[in-house]
Structures are given as C-alpha cells and as structure tokens.
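Please walk through this structure one region at a time.

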Amino acid sequence: MLNPALVKERMPEQDPELRNKNFSEVALGYTPRQAAAEAKRCLNCKNAKCVAGCPVNVPIPQFIEQVAAGDFSAAYRIIAEQNALPAICGRVCPQESQCEGACVRGLKGEPVAIGALERFVADQFLEGSPAGNPAPERKAQKVAVVGSGPAGLTCAGELARQGYGVTIFEALHQPGGVLMYGIPEFRLPKALVQKELDKLRLMGVTFQLNVIAGKSITIDELFEQGFQAVFIGSGAGLPKFMGIPGENLNGVYSANEFLTRSNLMKSYDPASPTPIFVGEKVAVVGGGNVAMDAARTAKRLGAAEVSIIYRRGEAELPARKAEIHHAREEGIRFQLLTNPLRILGENGWVTGIECVAMELGPPDSSGRRSPVPQAGSEQVTKVDTVIVAIGQSPNPLISQSAQGLAVQRWGGIVVNKETMATSKHGVYAGGDAVTGAATVISAMGAGKKAAKAIAEYLALAESVS
Ligand SMILES: Cc1cc2nc3c(=O)[nH]c(=O)nc-3n(C[C@H](O)[C@H](O)[C@H](O)COP(=O)(O)OP(=O)(O)OC[C@H]3O[C@@H](n4cnc5c(N)ncnc54)[C@H](O)[C@@H]3O)c2cc1C
Ligand code: SF4
C-alpha cells in the first residue's frame, strides 16, 4: 500500500556535538522497517523520471519495489546490474540534482529517498555476502588501468566481468582514489571501500601499487609489456592555489594534502609518523564538498573555531545541501561573500588572513553572478591554519610522457564522448582526468562506457589477428 507521507523517512544520525569529535559515520542508515516504509512512498511510475536522472540508469522503481516487498537480495541484484559501487553511491552521490531531483514525489513534498534506499540495500548485501562474484573464464587479452578511483575501478570491474585480464596501476600505496584519500571516514567508511576492492580482487583484477604512470612506467611501455589496451582514470589531483601573498607559509595546506594526510596517513592518530598541525583557528577557503570535508575534518582534529570563507553567497555554495547542513550542525562558521587577499605570518607560520567583503554583480558569460570586491571593507582575522579548497586539475605527468595523447589547454584528456577513446590508439580515458573535478557517479559512468568500447576494440583486434 502506498505511503502518502510528504516527507522522507529520516535517517538516524550521530548527535552533532558527539560526532564533531569522532570520525565514525555521521548517518547511520535505515532499519529494515524504515526502508520498507520509505520504499512504499514510491509511485512505481511507468515513465520513471528518476531513472533518466541517474547517470548509470539504475532501474530505480524496480529495485524499490523489491525493498517494499522485503526482498533485499532481489533489490541488490537489480541495482548491481547497472551500478558496481552502490554502497558508495548511496552515500556520496548528489541525488538531489540527479535521480531525486527528477522524482515526481518531489513536486509536492519531498522526493523518495532513493540514495538512502540504495545505501540500505547495498549495506544488507555487503554484510551478508561480502565476497561478490568469482572470476569468469579468463580471456587471453590484457588491459592496463591507470588509477584506482571510481573511473578505473568501474572500468576494471566491467572488463573483468567479461573475462579480460585487468591490472590496475596506482600511484599511491592504497587503491581507491578519492574514495580512500579524499572523502573522509565520517562520510564514507573505508571498510566499505575495501569490500568493494575485495570484490574486484575476487574477480581476478590485480593491483600494482606505488606505480606512477608517466614516471615509473610510460603508457607505451605498458603496451610493450603485453597490454592490448589502456584506460587512464588518473583523476584531477593537482590542487589549485589562490596566488595571493603568504600561501607558502607553514600552516597553509591544500585540501588535498590535508585530507590525504588525515585519511591515508592516519594523521588524526597522535602516534602516526605523519602528524598534522591544526591549531585553534582554521580558515577553509572554498565552498564545495572538498571545503566542507576539510572543515569538518579540522573540527574533528581538535580546532576550536573553523570557518568556511567563500566569495559568493549561500545560494551559490557548490557543496551538497546535506553537507552544508551537517557542517553547520557541527559548528562550522560560514563567512560568505568574503574573499582572501593575503595570508599573514610571523617566523614563517600563519598568524592571520586578510579578506575583503564581496557583492554579487551582474551574471558573467557562464550565467553566474560575479563577485565584486567592496573597497574599504578589508579585515584581518587571526588564524593558525589556512586550507585552500578552490579546485583541482588533472596532473600533467601522463599527458606529458605519452606521445600523441591530446589534452585540453587546462589539462583534461581529449576523448570521443561516445567511446572515451583518446587520440592515442588503444588508449581510453575517463573520470576527472577528462572532465576536471566532477562526481563519483560521472567517473563511474565514464569507466563503464570505456569498458564497453575497449571490449569491442579487443574483440575486433582478436577477430583480425
Ligand atoms: C574531498 C573530496 C570530496 C568529494 N566528495 C564528493 C561527493 O560527496 N560526491 C561525489 O559524487 N563526488 C565527490 N568528490 C569528487 C569525486 O570523488 C571525484 O569526482 C571522483 O573520485 C573522480 O574519480 P576518478 O576515478 O576520475 O579519479 P580519482 O578518484 O581522483 O582517482 C584517480 C586515481 O589515480 C591515481 N593516479 C593519478 N595519477 C596517476 C599516475 N600517474 N599513475 C598511477 N596512478 C595515478 C590517483 O592516485 C588516484 O588514486 C569529492 C572529491 C574530493 C577530493
Ligand atoms: S520518479 Fe519517484 S515516485 Fe516515480 S518511480 Fe522514480 S522514485 Fe518512484
């Protein structure tokens, strides 16, 4: 029977005053009763707009129907056909602008909580049977995947499922990309990511860690080693800086370094060989998910006061609404319409940040209203730490070392949007390395598209050999 409630079942969460001092997950997940009640809000639309809003086309009404009926295994099988990392997507996808943004129940009241239901189904499966599917019969052809973020993992999984030998080459000492080193534990528990990686290992995917493509090995050398195709999913890990005075002082971090040290190097543990200095007062510059993650991490690492400094207003904040809400609940302050001019220091260490107030002017060519500085409004605030979270771009290491690989002026690899084929024969690319910083699901969508094209390319190569 349809549940007519206009609002979603609320997912239980840790109390903000407790959780801003620990790294355990904030949102605790639905109980089976809550999941069934929420599933019964779905109208099972014939022309389901939510599916069109999903970049990997999960058959949403079909899986939700199974949740309502209490058959969680059937629900999982339906999701897994289209989405290789549902426990991750259920947690971090921007559903409000994708499936839930298109859900008809959102026309009057709140949309169905599709993300929370996906997370529930995936968690049930991972708890019950973490192993996943064993490797199918192996084909002779081998594919090299560079980078182990969601793009590389999805491409590898799709190809391994079809029997191709897949080796992932990863620069860091742990696989998972931003899922491991960027998004913090309190939003995405690393044990979950490990379970997804184990599923790939079981399917026969192998990992070569601490291998930097473009430095330890070139793309051409991968072909010489016997790989017949290469997928580049190397992400956009090169941090941008503001180019203002004081950015080289001690106490200034890129969000990338700060989060990597906290997540991968376990710097939140005082016994860690790579401790991190946080100080009492922290300014985080930027308004996206990365800025929210850095601010909330700084708070958990013991900072007394953490502020987000963003040059546009509330409505323009690019972070997910849920992340902004959680950050506010945890005591993060927001200094909006504010732009840093310089970072001040003494004896090489940060002591303050000078900012100017901004006003939104007329829209620019992108349609966004440009912030305009207000003369005479300059002010210095005392801080010990500044974290810069204003974006990342693709690292040029691979493109500079791979002859014939065309890239955009800003560093993104040029691909055919249908096949993800690059200008270099047998080389495909996808994810942030192509688009610049984007989302987990779009990286997965690109990995999936590339895997399909690679399989067709390899089948053709075999048929003519
Ligand atoms: C802090 C943070 C929070 C985010 N929050 C969200 C969110 O809530 N929701 C969302 O949808 N998206 C979020 N994103 C964005 C999302 O994580 C990325 O869009 C996505 O991870 C891109 O996937 P990818 O596979 O292209 O690259 P990545 O995840 O960046 O993985 C690339 C991998 O390639 C490796 N690599 C790089 N160069 C080389 C090389 N030369 N040789 C070998 N390996 C190499 C890297 O070490 C890395 O492991 C967030 C990003 C960050 C940084
Ligand atoms: S649009 Fe909303 S109500 Fe309709 S099938 Fe999708 S989730 Fe259910």
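Valine 51 is buried, because its relative accessible area is 18% and the cut-off for buried is under 20%. The model is a predicted one. Valine 51 belongs to helix α3, which covers residues 49-52. Leaving aside neighbours within four places in sequence, valine 51 is in contact with Asn57, Val58, Pro59, Ile60 and Pro61.

Next comes helix α4, residues 60-68, where Ile60, Pro61, Phe63, Ile64 and Val67 are buried. Looking down the axis of α4, these buried residues fall within an arc of 165°, so they line one face of the helix. An α-helix has 3.6 residues a turn, so residues three or four places apart point the same way. After α4 comes glycine 70, which has a positive phi, near 85°.

The other region to look at is a pair of helices. Two packed helices are described by the angle between their axes and the distance between the axes. For helix α14 (residues 289-300) and helix α15 (residues 321-329), the axes come within 10 Å and cross at roughly 25°. This angle makes α14 roughly parallel to α15. Their crossing is left-handed. On the α14 side, the contact is made by Asn289, Met292 and Arg296, and on the α15 side by Glu323, Ile324, His326 and Ala327.

Key:
Residues are numbered from 1 along each chain as its sequence is written. Chains are lettered from A and ligands numbered from 1 in the order in which they are written. This is a predicted model: local features need pLDDT of at least 70, side-chain atom pairs count only at pLDDT 80 or more; totals for chains, interfaces and linings use all residues. Side-chain values use heavy atoms; hydrogens and water are left out. Axes are lines fitted to C-alpha atoms, for helices over the stretch in contact, and angles run from 0 to 180 degrees between N-to-C directions. Helices (H or I, at least four residues) and strands (E, at least two) are DSSP runs, numbered from the N terminus. Angles under 35 degrees count as roughly parallel, over 145 as roughly antiparallel, 65 to 115 as roughly perpendicular and the rest as oblique. A crossing is left-handed if the near helix is turned anticlockwise from the far one by less than a right angle, and right-handed if clockwise. Contact means heavy atoms within 4.5 Å. Buried means under 20% relative accessible area, exposed over 50%, partly exposed in between (1.4 Å probe, protein chains only). The arc is that of the directions from the helix axis to the C-beta atoms.
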